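Hi,

Here is the model I promised to pass on. Have a look at it first, and my notes on two of the interfaces follow below.

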Amino acid sequence: MNDPLLSVRDLGKHYASRGTRLTILQAISFDIGKGEVVGLVGESGSGKTTIGRSVLRLVEPSAGRVRFDGTELTTLSSSEMRRLRPRMQYIFQDPFASLSPRMTIGEILTEGLKIQGLGTARERLERARRALEQVDLPPEAVNRYAHEFSGGQRQRIGIARALTLAPEFIVADEPVSALDVSIQAQVINLLRDLQQRLGLTMLFISHDLAVVEYICDRVIVLYLGRIMEIAPSAELYARPLHPYTRALLSAIPSPDPDAPRDRQILKGDIPSPANPPSGCVFRTRCPNALPACGETVPELREIQPGHFKACIRDDLN
Amino acid sequence: MLARNPARSPGPIVRSLHRFLLNRTGLLGLCMIALMIAAILSYPLWWSFKPNDIDLIAMNAQPGPTHWFGTDGVGRDILARVLDGGRISLLVALTSTVISAIIGFLIGAVSALAGRFADAVTMRFVDLVMTLPPVIFLLVLASIAGTGIWPTVFVISLLSWPLLARMVRSRLLELRERDFVMAARGMGAGLPHLLFRHGLPNSIDILVVFATLQIANAILLEAGLSFLGLGIAPPAASWGNMLNAARSTAVLEQYPWQWLFPGGFLVLAVLAINFIGDGLRDAFDPRAELN
Amino acid sequence: ATLSGGFDVGPGGFQGNFNPLAATGGFTWLSVYFEPLVTYDEKLEKVVGQLASSYEVSPDQLTYTFTLADAKWHDGKPFTAKDAKFTIELAKNAKTGSVLAARLNAVSSVEAKDDKTLVIKLSAPSASLMDTLTKVMMLPEHALSQIPADQLAKNTWWSTAPIGTGPFKFSKYVTDQYVELVANTDYRGGKPALEKIINRYFANPAAAIAALRAGEIQFTYVDSNDLKAFNDNKDFRVIEGNSFVVNYLGFNHDSPIWKDVRVRQAVMYAINRDAIIQSLYGGAAKPANCAYVADQVVPKGIETYAYDPEKAKQLLKEAGWDEINGNKPITLLTYYTTPLAANVMAAVQAMLAQVGINVTPRAVDTPTYNSIVLNPTPDVAQFQMVYAGLQNGPDPGSINVGLNEKQIPPAGPNVARVRMPVLTAALDAALAETDAAKRDGRYQDVCRVMNKELPWGPLWVAKRYGVAASKLKDFVWTPAPGGGPYQAHPEKWAIAE
Amino acid sequence: MLRYSLRRLLIGVGMLLALSVLIFAMLRLTPGDPIDAYIDPNIPMSSSDLAELRATLGLDQPLPVQYLGWLRQALTGNLGYSIKRPDQPVLGLVLSRVGPTVLLMGSAIVIAIVAGIATGVVSAVRRNSITDLSLSVFAVTGISSPPFLSALVGLYLFSVYFNWMPSGGMLTPGQEFSVTDLLHHLILPATLLAVAQTALIMRYMRASMLEVLNQDYVRTARAKGVFEFWVITKHALRNALLPVITLIGSTIGLAIGGAIFIESVFNWPGMGLLMVDAVEGRDYPVIMGSTLVIGACVIVVNLLTDLAYAVVDPRIKVG
Amino acid sequence: MQQTADTILDVKGLRTVFRIRSGEVTAVNSIDLTVAAGETLALVGESGSGKSVTSLSVMRLLTRNIGAIAAGSIHLKRKNGAVSNLVSLAEHEMRAIRGNDVGMVFQEPMSSLNPVYTIGDQISEPIRIHRWADRKTAMDAAVALLDSVGIPDARRRAGQYPHELSGGMRQRATIAMALACDPTLLIADEPTTALDVTIQAQILALLQKLQRERGMAMLFVTHNLGVVAEIAHRVVVMYAGRIVETGPVAEVFRNPRHPYTIGLMASMPKLGDASRMKQAGERLAAIPGVVPSLMNMPAGCAFQPRCKFAIDACRLALPPLAEVNPCHQSRCIRWQEIR
Ligand SMILES: Nc1ncnc2c1ncn2[C@@H]1O[C@H](COP(=O)(O)OP(=O)(O)OP(=O)(O)O)[C@@H](O)[C@H]1O
Ligand SMILES: Nc1ncnc2c1ncn2[C@@H]1O[C@H](COP(=O)(O)OP(=O)(O)OP(=O)(O)O)[C@@H](O)[C@H]1O
Ligand SMILES: [Mg+2]
Ligand SMILES: [Mg+2]
Ligand code: NI
């Protein structure tokens, strides 16, 4: 991974809201190699979407640099950015909100091509039909509206839309969390097939650790806008190092009636970004917190090759 | 979910039409307006009186077999004038509604989508226009523009857009944050694309409500302009200036047909347009088929 | 008893300006509590004394001597010649906002000989002096002398505590609602029969009529087409009077299309004035063939321009109208915005269209009209013809400003830009005629010239109406231009219980 | 909240300044000046007088000079004297009209809000019923009847024909002030003024209510066993009001437009009447003054609606 | 299951229909359910399978002019011991039951709380309505309830508005609201679906604790099999408006006898399993196709178009609920063959 496709350094994002400063993201750094699928997990409000969008400059990051295939994105002008956009696409969480209710599927799928001025109307439509086939939908769907499809089908349409522009890099923002289990499996399979067939690089956002494990090569664990842990997925699930990751894994209910039910329940809620705890942001809910945790912000350290964590308690490893 | 429908389905326009035809009140409105327009356009063929022919002997005649709607203070046939006035009133109302809808939409949409600075400037401007008392605005614009159909259209258009601009703006501010707009931006969409591919279709309901209210408003504003000696120059009839005749107590009280008929037609037209508006709103909303 | 009325809706009256020096109308009301030295009689035929018990004019017409009546101001102080001198000097001083200043130009000096004798000296004889003096309401020197002339108009005295000599005293003014006067029990003509008079303000004539019919007021001006409701109603008395305003079609003589007199005649022949008067005015107007209708100034045997569309067409053909203008629309500007005027314009337009003159009426508000027509260099396209009115009485001389070549804007209000040497000569002769007996003859000459040359197309003089409740007794009112003043004897007005 | 209000008011002052420039420029673009308005074309005056009058009023000076002169005075709180009623300072004149206008508009708006909301709720709850249909026909008729016509018809019906109401004015002339007298004069114009507003509010209220009735929290309220009446009045109504409040705020300006006809027909001594008079008389100082006062009112009302919004909706924090 | 003395809810043959433009659709068909005191019955199934309609039918909260109960009975044992058939109760009687004998928790804690009233206000409302308590007593009770659902600093929280609370706290508040009048039955319609796993674990633990303490019956709707295993005693699997399998949780999950249940279990990515599957190049065992539309139901077994075990007989007639063992039933004619 000597030449990552995407390299994020010290990404920060804050919002000013009525005088108070909300720090949503702080010092986020990671790389994604070509053809790699990186998972981003964390609780609601931890800033996953914000990272995904900042990377594509769908929201403007407040600090840091994002380098895509050798180009620094944060300093590009909006027209230069526009030219680059087809190479990186976004898949949205909510299959209902992400498709315009007033456009036919054909219009939705050709929109990107039209914006980029690619092809004739006929060619664009052909491409839309092909994209539909790629996601196992009948090409006749071009004349229908989004509301005529089920959630899973819509999510496929959302994926097809991202594919029409033949991107190299995709940010998939919780693409399956709004779907039913049976459909979820279909879409995960589809995404994985596509990724492998097209050699896509992907940032896969999810709050469901089980799903992430299935599709990702590496996983980033986020808490309140800070990275807690990064590790190859097999490694992470086998040996989670950070107390937060452990808690997350333990909270997932298992359908296996024989599974042990001695789970560790985190106390309280994720704190507000308006007044994050000092030091380690997780310490207020951490079962292993020490007084020292409140003093310094733990840095992200490489504990084992490729396995990073931001926690001062090495005794837990 | 309707996912398992037969393979070929008709195009979006045909389906909008279909949805409109499903709407019973919309159709009723369409019939009303069609009848009215047919009458307005064809009346010279079947009605012997001309709108501007005076007949000082038959003045202020009651509705009856010769003059179905009676005559006015100089003996002009009210039916002919109502129909002839309908041409002008509907023309003025429709064109000025279209123009003010365009202005209001563009200003509101640009304000919402073109960044904070543009937003602040345009919204302050809209506020300014909205604080200006309409009488003064009307008077000044009108005296600059003069009389006639097009100046009237101009004045009415310029007076009516700010409220729409505000409504469109707040709708699009909300829309801007929606995922599918984000998706379009992610594909490199610029302002015009966002304006017309996303902003416009998603403001249709606001535009329709505005248009239905504005048509009534435009006809009334035209009446107000005639009142100030502007607007449609007499003796050309318009529903507005015919209603103005009711300013005279004699007409108001003793010759009510002189204002009841144009007033009735005005209300009918507005009612029909409201019905059509409701139908259109549904027709433009693909989701309406569901229930 | 209290009399309420809408004394201000109607000819030119406007409440809010309580300063008689600045008033161009509303004298019906003002003269209930103020009084001029002289005034018109009830029929508006001759000038009679009011605060002046008598007056004399020197043979050279340059010295006027007034003997003043024994009157008292409402605050009890006696009215003297010094007050009269003070008032006339104020009226002469344009700084006070006086609209009479120019008309009093001829006055060279005003002397108070003694308390009861006032002498006015003129630099040149003026036929209109007495008419002007009827509008000069006497003001108390003791109340106003302290106020600098240029501040006078802005003083609140006028609407809070004005003092006059009339039969009623100012009591209170409720902004934009009404003015209340109470009886001046010391009035020299006797104690008024009414206790109070209330003048209510109506922004809309329809509302005034509603109030009259609802019995809230006992008197108001009424438009001729609103009379129907009152004519057969024994609770009301309709009062009819001459408006002294001639309505005319003014040709803009700067526009080439009216150069040929045959075109102007054609306009006259094309309009069926009798029909309009009968139907639209309901007979409440008299046709005019020059600026006048009063018998003594209209000579016999002038052309009556009876309706004759064929002749009109013939005349137009002879004049070559097709070359002059043809079918191009001609703007017919007017400041009359009443429903009646709209009907008249429609009728005129239709009648002119029959002979091939295509006019487009345009009714605008008064300031717009004035700014167009009084503009020294008007836009002829906007203004080729006007439908307007001009006051022609009680003093026939008032017509001069609208027709005399010397009065073309900016000098004066000859808005039609009439440049007719014969007419100017006739007018000048009439105004210079100091012999009252010969004056009517001179005016007849003016009328003849007008009738022949048609500087305007004279149309008619409408009647004006007021309606009073029948229970109102001894109520004297006449629809005088500007509301008068005239001898109305408000002290005698009474209401039958 | 206080700081927010102050900031808004400060912006408001800037707006008023901009407004004054705009009006000043616009007024000078209208044909005719105060002197033109002063002249009765039937009784003409000689023109030398006119020039002199123009000079005393300063109308012969260049526009920026006139504006600055006006502004300098205005900043000291002196809005000049009315031209048509020279003995009345504009400020006093305008301020004396604010009360009646606020009274009239206020009662009309209260009527409109109460009636509009009530009918809107009824037609949303009984949607597609006969009641709903007739209410929407009423609304359309209300929206499409010209204000002067409804005022005149109302005047005729209630004052002349039935003789229930006085024909105009705010108080019976010559009588002592009494509240009943005032109400007696107020009720008809206020109701007529409210008609169009009612119709408008009703339509928006209906749409908004239909939206809210589908919300989860309405279902939750029913699941708690709340009486249907309270479900609608307590749980749904308050939420449905939110968009309507904005509407009310932004149509205040238009309502003033409608008030002009009512005020002139009913001779209500308010801003509308003053303004019409001033426009007819090209009484520049009064027009400037009253526009600024109306502008200030609109700004304050908008601020108040925003604050009201924050009161009704706890999610909105102003400041 | 037999109706026993402590059966709280007993639904028999419930059929609920919706009126749509083109006629009527049956959203829920012949549903039988019983829940005993202290017991949790889970209702699982995919979106649109009729879980919410079932729970709303029990509450009789279907919008009157759209949906209605067409057949069946719903017997509820009330707090006072009386058993009423909710289907035949008048609206005002039903109103007295809602929030009093039956509490309900909805999926979206944000949208099911009224944004313009404080939490305390909303929680005390059922107490004021059903117990005629005055404002102050009701508020005190609300604070106590908030405390019991584990919200720290309950008095201050009671004065806050929903938007000022986090998602987990909001859901706790709606639970407090449902429990305000000590109902005999709590219906929870996907109460944890909108929450994070960590918060979900908290809420599940809370519900279990409350149920133990109060001994109420619970009807728990969810689509997450993990949650079912965690919280429920018995499970009802629904598909397209009908029950396809029902039985004790452990039994059904260990030994599913309906292809749909089997598919559901298989399509869930299992923690720790994925890395192995990835290495082996295995795919997740997804059920192909989508849930059929109510307007367009396949003939016979509703699941047969997606079922890999389907045979011709499946298309002919609706399979009956077959008894696998006395407490375990499956609506599949091949239940014995499939594993
Ligand atoms: N425009 C904004 N203004 C202020 N705060 C914002 C804005 N957008 C997001 N936030 C805040 O940023 C934080 C992170 O939001 P984000 O959407 O990235 O979270 P997430 O991890 O994607 O959560 P979820 O799982 O719910 O999608 C949240 O606390 C959110 O409230
Ligand atoms: N108001 C309604 N009008 C028409 N059909 C409805 C209505 N409400 C629900 N339905 C239909 O009834 C069926 C069952 O819906 P229900 O809400 O019970 O599903 P669910 O199992 O709760 O799904 P989810 O997991 O998405 O909550 C669905 O097909 C739905 O489309
Ligand atoms: Mg997110
Ligand atoms: Mg549900
Ligand atoms: Ni989930």
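Between chain A and chain E there are 14 residue pairs in polar contact, both at pLDDT 80 or more (N or O atoms within 3.5 Å; within protein, one able to donate a hydrogen and the other to accept it, with residues adjacent in sequence counting only if both atoms are side-chain atoms). On the chain A side, α6(A) gives the largest share of the residues touching chain E, 9 of them. There is also 1 salt bridge across this interface (side-chain nitrogen of Lys or Arg within 4 Å of a carboxyl oxygen of Asp or Glu): Arg283(E) with Asp193(A), 2.3 Å from N to O.

Bear in mind that this is a predicted model, where local features need pLDDT of at least 70, side-chain atom pairs need 80 or more, and totals for chains, interfaces and linings use all residues. Residues count from 1 along each chain as its sequence is written, chains are lettered from A and ligands numbered from 1 in the order written, and side-chain values use heavy atoms, without hydrogens and water.

Chains A and E bury about 3600 Å² (accessible area, 1.4 Å probe, lost on being put together, summed over both), with 58% from carbon and sulfur atoms. Val181(A), Tyr214(A) and Pro255(A) supply 18% of what chain A buries there, more than any other three residues.

Now chains D and C: they bury about 4400 Å², 54% of it on carbon and sulfur. Here Tyr38(D), Asn42(D) and Asp87(D) supply 15% of chain D's part, more than any other three residues. The 1 salt bridge between these chains joins Arg282(D) to Asp365(C), closest N and O 3.0 Å apart.

Cheers

Conventions
Buried area = accessible area lost by both parts, 1.4 Å probe. Helix = DSSP H or I, 4+ residues; strand = E, 2+ residues; numbered from the N terminus.
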